[in-house]
Amino acid sequence: MTTSTQDPNRIRFALHGGAGDPPPGAGAQPEQRAALQRVTAEALALLRDGASALDAVTRAVELMEDCPLFNAGIGAVLSRDGQPELDAAIVNGADRACGAVTGISRVRSPIRFARAIMERTPHVFFGGAGAERLAAELGMEMVEPGFFITAERLHQLEAARRAGAITLDHDDHAFCDDDAAFGTVGAVARDAQGHLAAATSTGGLTNKHVGRVGDSPIVGAGTYALNGACAISATGHGEYFIRYTAASEVCARVRYRGESIEAASREVIEELKQAGGEGGLIALDAQGNIAMPYSSPTMLRGQLSAGKAAEVVVETKP
């Protein structure tokens with residue numbers, strides 16, 4: 001149950017920067033850690049100043065889209081035609097309002113566009129050329145596709161093409177340099193009023209078929225939030241998160257079965273693993289508990305609670 005009363009002790013925030021196989025030297029990942037620390041610090045400052053959970057996750061994901069170390073916005077992975085195809089979604093737990101976009105390559109901030117769809121149109125989900133026309137009509141900042149392309153991602157695409165592979169953004173050492181970019185980004189938050197929100201942004205899979213859509217922009221699969229239950233942002237093999245409606249499944253287990261957020265999210269990730277899917281998620285429940293399970297060899301994520309220092313970890317399973 002949420003209330004309009006402001007209480008800074010309610011503030012919670014978590015974010016992720018992708019899941020998959022660690023590139024060589026992934027035990028440290030100092031650049032990624034530092035980037036997520038900066039993002040977390042800004043999100044905390046916003047929440048302490050009274051910003052909504054929706055504002056916090058929007059800004060956090062926007063900052064990660066601007067960082068070439070991740071698979072979102074600048075530095076996103078490339079489809080087999082050598083172009084970026086960007087996806088994003090945002091959900092407001094207070095009223096289930098949501099916005100999503102897929103297959104765009106000319107909008108500066110996919111997550112800002114997803115929010116504009118939610119707040120400024122009667123619709124939820126747009127894709128491709130029509131989405132980009134709408135973005136221009138709404139006054140979103142537009143760029144050329146090359147704005148998002150980095151040398152590291154071109155290298156990964158070339159290696160994947162030679163191998164005939166379609167991979168997670170940092171799967172398999174053959175597709176990554178020592179300083180290779182990490183993964184899909186997402187954030188969940190609870191604000192001082194107790195409201196929840198979630199946001200996710202990604203470039204998808206390296207060397208994927210043009211037009212492929214993963215779970216990140218699909219509400220209930222890779223992104224979800226509902227006051228009184230939980231907020232979720234996922235990363236990994238999107239096809240499995242779609243098939244298992246992973247984000248909404250976690251929320252349903254919490255809401256209807258009374259499972260803890262830790263148990264619900266861990267069990268869903270285990271189900272995907274048994275089916276052959278790899279990845280992880282960050283989950284935040286209405287009481288402020290945070291869970292961050294993953295089945296891939298490594299996952300980059302961080303969290304904070306009011307009055308406590310931010311924790312950012314790159315954890316690799318033995």
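In this predicted model, the protein chain has an average pLDDT of 90, with 88% of the residues scoring at least 70; pLDDT is the predictor's confidence in each residue, from 0 to 100. Over residues 24-28 the pLDDT is below 50, and this stretch has seven contacts beyond near neighbours in sequence, a contact being heavy atoms within 4.5 Å. Residues 170-181 also stay under 50, with 41 contacts beyond four places in sequence. Where pLDDT is low, the predicted coordinates should not be read in detail.

Local features need pLDDT of at least 70 and side-chain atom pairs count only at 80 or more, while totals for chains, interfaces and linings use all residues. Residues are numbered from 1 along each chain as its sequence is written, and side-chain values use heavy atoms, leaving out hydrogens and water.

Two helix pairs can now be described. Helices are DSSP runs (H or I, at least four residues) numbered from the N terminus; axes are lines fitted to C-alpha atoms over the stretch in contact, with angles from 0 to 180 degrees between N-to-C directions. The axes of H7 (residues 246-257) and H8 (residues 261-275) come within 9 Å and cross at roughly 140°. That makes H7 oblique to H8, because angles under 35 degrees count as roughly parallel, over 145 as roughly antiparallel, 65 to 115 as roughly perpendicular and the rest as oblique. Among the residues making this contact are Val250 and Val254 of H7 and Ile261 and Leu272 of H8.

For H2 (residues 53-65) and H3 (residues 110-120), the axes come within 8 Å and cross at roughly 150°. Residues meeting here include Leu54 and Arg59 in H2, and Ile111 and Arg115 in H3.
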